[in-house]
Every structure is written in C-alpha cells, then in structure tokens.
Amino acid sequence: MDYLAQNTEKIGMAPAVKAQLKSHQIESPVTVRMKKGGGLEMIYRNCFLYDKEKPIENAVADIQRLQGESEQDLVVFFGLGFGIHAEFLKKRFNAPLLIFEPSLDILKTTLSLRPFQFDNVFLETNFGRLAEIIDQRMELSDRRMIVAIHRQYRELFSKEIDRFTFVVQQAANS
C-alpha cells in the first residue's frame, strides 16, 4: 500500500511540498519501531522523538496540558513526528490543524508508514507559506489560536523553533 500517495492526497499541503516529498531522497534515516509491550520508538539523528517510557501516554499528557478551550480558530503545531501529537490535538481542539515539519526526512518517513485519517489538517515545510496560511486563517476568524511545539524537537531544531516562533508571532499580529 502506498501510504505516502494516500496521505499527500488526504492532508492539505502545497503542491510544492508534494513535489518535494515525491522527489526527496532521505538523507538522515528515521528509525521507527514498536518495542516489546507496545511502546513506540522513533529516532532521528540519534535523538528520540518520543519519551522512551510510555510515549503515547506522555504525548496525550503534553496535549492535555495546553491551555485553551476546545473551540479554536486554528491550532499550529511544530513537528509531526509519528503523528501521535497531531492525532490528540485533533481530538482535543475543534479547529483546523496546521503542522510545520522542518525535516523532509521525518515527514516522508511518517507519511509512508501508516495511513492518516485527518480532516482539516494542513502540513507545511516553508516558513513563508506558514505565515501566509496563518494570515489567511486569522483574517477570517475571531483570532483564537493555540500554538505548540513537539517537546522532543527542541534539541534537534532549536534554530528552526526560534524562526517558527517569530513567524507565528508576526503572522498572528499582522
């Protein structure tokens, strides 16, 4: 089953992102495996993208700690990982979900491994298009937005997170 093709059709993404994914050759392999007892392990550049103990439970706890009512105009999340946080964000908040993934290696691996059943989810890899999407969404709404960052991405993508934070703040204030 070609999950990459299915997921790129179901999940909203710019044609440029689809083209990038189709031609992208993974440079830094992403290891994804199920551990004994049902746990998940996802490793990128020698960093674990989920807690080693109880990864799903800890991802749920991360999402539950987010402040805000369930009704939002937009949820912006940095880091797709294996999609666990995204799934729980969709359950927690009644809003479109915009995911920024800085790594095409992670994005292509994740979208190739399993089907996603997301509605109203958009993926972006470009900071300029991220700002445009936020501008468009916020222009037509009450400007209620939740922004969160995949905790384990902080070690790998600190510069990208700084830029993400700046872009989101600028777009939300414009």
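Q: In which sense do strand 5 and strand 6 pair, and over how many bridges?
A: This is a predicted model, in which local features need pLDDT of at least 70, side-chain atom pairs count only at pLDDT 80 or more, and totals for chains, interfaces and linings use all residues. Residues are numbered from 1 along each chain as its sequence is written, and side-chain values use heavy atoms, with hydrogens and water left out. Helices (H or I, at least four residues) and strands (E, at least two) are DSSP runs, numbered from the N terminus. Two strands pair if DSSP finds at least two bridges between them. Here, strand 5 (residues 74–78) and strand 6 (residues 97–100) pair in the parallel sense, over four bridges. Val76 has Leu98 of strand 6 as its bridge partner.

Q: Which way do the residues of strand 6 point, and are they buried or exposed?
A: Accessibility sets the class: buried is under 20% relative accessible area, exposed is over 50%, and partly exposed is in between (1.4 Å probe, protein chains only). Leu97 and Ile99 point one way from strand 6. Leu98 and Phe100 point the other way. All four are buried.

Q: What is the strand order in the five-strand sheet?
A: The order is 1-7-6-5-8 in an open sheet, with parallel pairing. Strand 1 (12–13) and strand 8 (145–149) are the edges, each pairing on one side only. Helix 4 (residues 84–92) packs on the sheet and touches strand 5, strand 6 and strand 7 (121–124). Contact here means heavy atoms within 4.5 Å. The direction of helix 4 makes about 160 degrees with that of strand 6.

Q: How do I read the packing of two helices, and at what angle do helix 1 and helix 5 cross?
A: Two packed helices are described by the angle between their axes and the distance between the axes. Axes are lines fitted to C-alpha atoms, for helices over the stretch in contact; angles run from 0 to 180 degrees between N-to-C directions. Helix 1 (residues 3–10) and helix 5 (residues 104–113) have axes that come within 6 Å and cross at roughly 100 degrees. The two helices are therefore roughly perpendicular (65 to 115 degrees).

Q: Which residues of helix 1 and helix 5 meet?
A: Helix 1 brings Tyr3, Leu4, Asn7 and Thr8; helix 5 brings Lys108, Leu111, Ser112 and Leu113. By class, the contact has four nonpolar residues, three polar and one charged. Ala, Val, Leu, Ile, Met, Phe, Trp, Tyr, Cys and Pro count as nonpolar, Asp, Glu, Lys and Arg as charged, and the others, Gly among them, as polar.

Q: Which strands form the antiparallel sheet?
A: Three strands form this open sheet, in the order 2-3-4. Strand 2 (30–34) and strand 4 (47–48) are its edges. Two bridges join strand 3 (residues 40–44) to strand 4. Tyr44 stands opposite Cys47.

Q: Where does Arg45 lie?
A: Arg45 lies in the loop between strand 3 and strand 4. Its phi is positive, about 50 degrees, although Arg45 is not a glycine. Arg45 is partly exposed, at 47% relative accessibility. Asn46 is in the loop between strand 3 and strand 4, with a positive phi near 65 degrees. Asn46 is exposed, with a relative accessible area of 75%.

Technical notes
Angles under 35 degrees count as roughly parallel, over 145 as roughly antiparallel, 65 to 115 as roughly perpendicular and the rest as oblique.
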